[in-house]
Amino acid sequence: MAQFYSPNRRVTTRQTINVTVTDLDPFGQGVARHQGKTVFVPGVLPEEQAEVRLTEDKRQYARAELKRLLTRSAQRVEPRCPHFGVCGGCQQQHADVALQQRSKSAALQKLMTRETGQTLTDIGLIAGPSYGYRRRARLALYFLSGEKSAPAGGKASARAKTVTQAAPGLRMGYRQGQSHDVVDITTCPVLALELDALLAPLRHCLSQLQGVKRLGHVELVLADNGPLLVLRHLDALSVADTDALRAFSVAQQVAVYLAPEADVVTSLTGDTPVYSVNGMTLAFSPRDFIQVNDAVNQQMVAQALAWLDVQPQDRILDLFCGMGNFTLPLATRAAEVVGVEGVPALVEKGRENARRNGLSNVTFSHQNLDEDVAQQSWSAQGFDKILLDPARAGAAEVMPQIVKLAPQRVVYVSCNPTTLARDSKVLLAAGYTLAQVAMLDMFPHTGHLESMALFLQRSGKAARSGKAACSGKAAM
Ligand SMILES: C[S@@+](CC[C@H](N)C(=O)[O-])C[C@H]1O[C@@H](n2cnc3c(N)ncnc32)[C@H](O)[C@@H]1O
């Protein structure tokens, strides 16, 4: 048997074994046991038996690739996407959505139970349609010249061979899993229908541009007032190209924005995009962070309001607030809401959206929540309830400050269960209880696992410092 070695791996063999998969991990890999060791096998589902080839053998676990399915699960479904298996975007389309959701919920439950020591018997689920859910996507653009080329030294690499053998022209798509190669896509079934329908005419339009060889990427967004695109171009566009994009905008009813530099976006055609949440309309700039899955976002915000049990007299803090996706709905029910966010443009958008929705009881503050938050103005105020929705890194810096503010309720929205579990321990150690956890199926078919959790202050432990400061309204 062939042996192979890499510095990061132990010496192993390409041994072929038969396994029975028992679980699906959150990344869509089948999990089996072999000789006391866990083996991860992409493409195999629970209860399926398969012949697999070991590709990596570590002390704690091994990885294998599927050679042949020996039995087939009733939960195996036909992937809807023709690019499944090549595109790096969705890894789980071969698994029934209910199985994906059960697997992600089980992984969340296991992690939270292990890390917090609290037994979670009932994990909630917030989900929407499993296809057509993405209202935002970024597609790489790459022009293949077709000229024969070989790297210096004359020895053509595998990639160069691929390049010279493929037909020349514009490639538009997502990155291939584990590589930077662009998978040329014709359709993307997880995209909102309106965006998916744009792919063919957009490819045609971009292919005809004089500057086709100098395009970086295109971002597609479905706003409530119609689709928009942002085209990153590396050289100035000719008048003919600008006219062609205008004509495309009219023909396809899509707003067009141009990005001549990485951090510059200018409008060529169309209105300011808006989206709605909890009955409010929020304006945004094409590149602003908005939650990708509208159906899940609507339910998530409603769940947060319900879990916080917002009362008319409440003062509420919303950390990592973006442009006010939670802040503004909270402000329609509470006495006062303070949103804290690190991106100045989002803070400005939050203020603009508060004015737009006639809300005068909300304050947005620009702060870096990775820094010494004890020095920041919000940390000296009193709050009855706190919501936080950090990025993947979590909220290590703010957790001790939340404990000091002693809110009655904390809702933590998370896009990384590992940092959620870590940060939860700070609240639990301070006497809070973990009352609810829900899995948010924000990105069906992918390995992303989002969730939200409700923490309650133990009864009798009144919000001392928080209540004391409640009456004082510090300026932000
Ligand atoms: C997952 S998004 C949530 C935004 C908002 N809650 C929403 O639902 O649209 C996380 C937000 O945290 C912000 N953020 C990330 N790191 C930060 C930091 N160190 N300080 C302040 N804000 C930060 C990001 O700019 C982003 O708006």
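Tutor: Two residues are in contact if their C-beta atoms, placed from the backbone, lie within 7 Å. Keep in mind that this is a predicted model.

Student: Which residues does Leu 319 touch, not counting residues up to four places away in sequence?

Tutor: Neighbours up to four places away in sequence are left out. What remains for Leu 319 is Val 340, Leu 369, Ile 386, Leu 388, Ala 395 and Val 398.

Student: How many residues are in the largest nonpolar core?

Tutor: Leu 319 is among the residues with the most contacts inside this core, as are Leu 229 and Met 452. Helix H6 (residues 294–308) gives the largest share, seven residues. The core's total is 106 residues.

Student: Which class has 10 residues in the shell around the ligand?

Tutor: Of the 18 residues around the ligand, Leu 369 is one of those that come nearest, along with Phe 320 and Gly 322. Five of the shell residues are polar and three are charged. The class with 10 is nonpolar.

Student: Is Gln 15 buried or exposed, or in between?

Tutor: Gln 15 sits in the loop between strand E2 (12–13) and strand E3 (16–24). Buried needs 20 or more other C-beta atoms within 10 Å, and exposed 12 or fewer. Gln 15 has 15, so it is partly exposed.

Definitions and conventions. Residues numbered from 1 in each chain as written. Predicted model: local features only at pLDDT ≥ 70, side-chain atom pairs only at ≥ 80, totals over all residues. Near = placed C-beta within 6 Å. Nonpolar A, V, L, I, M, F, W, Y, C, P; charged D, E, K, R; others polar. Core = buried A, V, L, I, M, F, W, Y, C linked by C-beta atoms within 7 Å. Helix = DSSP H or I, 4+ residues; strand = E, 2+ residues; numbered from the N terminus.
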